[in-house]
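Hi everyone, thanks for coming. Please have a look at the sequence and the model on the screen, and then I'll walk you through a few features.

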Amino acid sequence: MTNILEELKENKNLLDKDLKTILLDKTINEELFKQADAVRREIYGDAVYLRGLIEITNYCKNGCYYCGINCTNKKIERYRLTKKEILNCCKI
């Protein structure tokens, strides 16, 4: 199993069969989390990053089944923010 994790770390890619092995083997979780944390620390350190999403509209052209704002939802009240509203919400 450690060979699969070494290959993943080195190549940043896995064969489907190896990914399936990782997903099905619960004993690998601790080592996988440890290695993932090491990569995170190497790239980001211990800094905390906050991100925010500003939805400027809830009009949509897609019909994704999982999404409440998809174009087939006729019960939702649609909106579009104006340029002024968008710029005002970004002021700190």
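Let me start with what I call a pocket: on a 1 Å grid over the protein atoms alone, a pocket is an open set of points where a 1.4 Å probe fits, with protein on both sides within 12 Å along at least five of seven lines, and lining residues have an atom within 4 Å of a point. Grid points are joined across faces, edges and corners, and a volume is the space filled by probe spheres set on the points.

Before the numbers, some housekeeping. This is a predicted model, in which local features need pLDDT of at least 70 and side-chain atom pairs count only at pLDDT 80 or more, while totals for chains, interfaces and linings use all residues. Residues are numbered from 1 along each chain as its sequence is written, and side-chain values use heavy atoms, with hydrogens and water left out.

So, the largest pocket: its volume is about 260 Å³. Which residues line the largest pocket? They are L5, L8, K9, K12, L32, Q35, A36, V39, E42 and I43. Helices α1 (2-11) and α3 each supply at least two of the lining residues, and α3 gives the largest share, six residues. Helices here are DSSP runs (H or I, at least four residues), numbered from the N terminus. By type, the lining has six nonpolar residues, one polar and three charged. In that count, Ala, Val, Leu, Ile, Met, Phe, Trp, Tyr, Cys and Pro are nonpolar, Asp, Glu, Lys and Arg are charged, and the others, Gly among them, are polar.

K12 is in the loop between α1 and α2 (16-24), and its phi is near 55 degrees, a positive value in a residue other than glycine. Is K12 buried or exposed? K12 is exposed, at 68% relative accessible area; buried means under 20%, exposed over 50%, and partly exposed in between (1.4 Å probe, protein chains only).

I43, in helix α3, is exposed too, at 57%. I43 also belongs to a nonpolar surface patch with V39, Y44 and Y49, with about 430 Å² of accessible area together. A patch takes residues with over 30% relative accessible area and no salt bridge, joining nonpolar side chains (Val, Leu, Ile, Met, Phe, Trp, Tyr) within 5 Å. The areas come from the Shrake-Rupley method with a 1.4 Å probe, and only the protein chains shown count as cover.

Now to the charges. How many salt bridges does the structure hold? There are five, a salt bridge being a side-chain nitrogen of Lys or Arg within 4 Å of a carboxyl oxygen of Asp or Glu. One of them pairs D18 with K17 at 3.2 Å, N to O. Here D18 is buried, at 8%, whereas K17 is exposed, at 55%.

R40 is in two others. D37 meets R40 with the closest N and O atoms 2.6 Å apart; the two sit three residues apart in helix α3 (residues 29-44), so about one helical turn separates them. D37 is partly exposed at 29%, and R40 is partly exposed at 31%. D46 also bridges to R40, at 3.7 Å between the closest N and O atoms, and D46 is exposed at 59%. Shared partners join D37, R40, R41 and D46 into one network.

Last, I28, in the loop between α2 and α3, is buried at 3% relative accessibility. I28 and D46 are 18 residues apart in sequence and 24 Å apart in space, C-alpha to C-alpha. Thanks, everyone!

Definitions and conventions
Patch = residues over 30% accessible without salt bridge, like charges linked within 9 Å, V, L, I, M, F, W, Y side chains within 5 Å.
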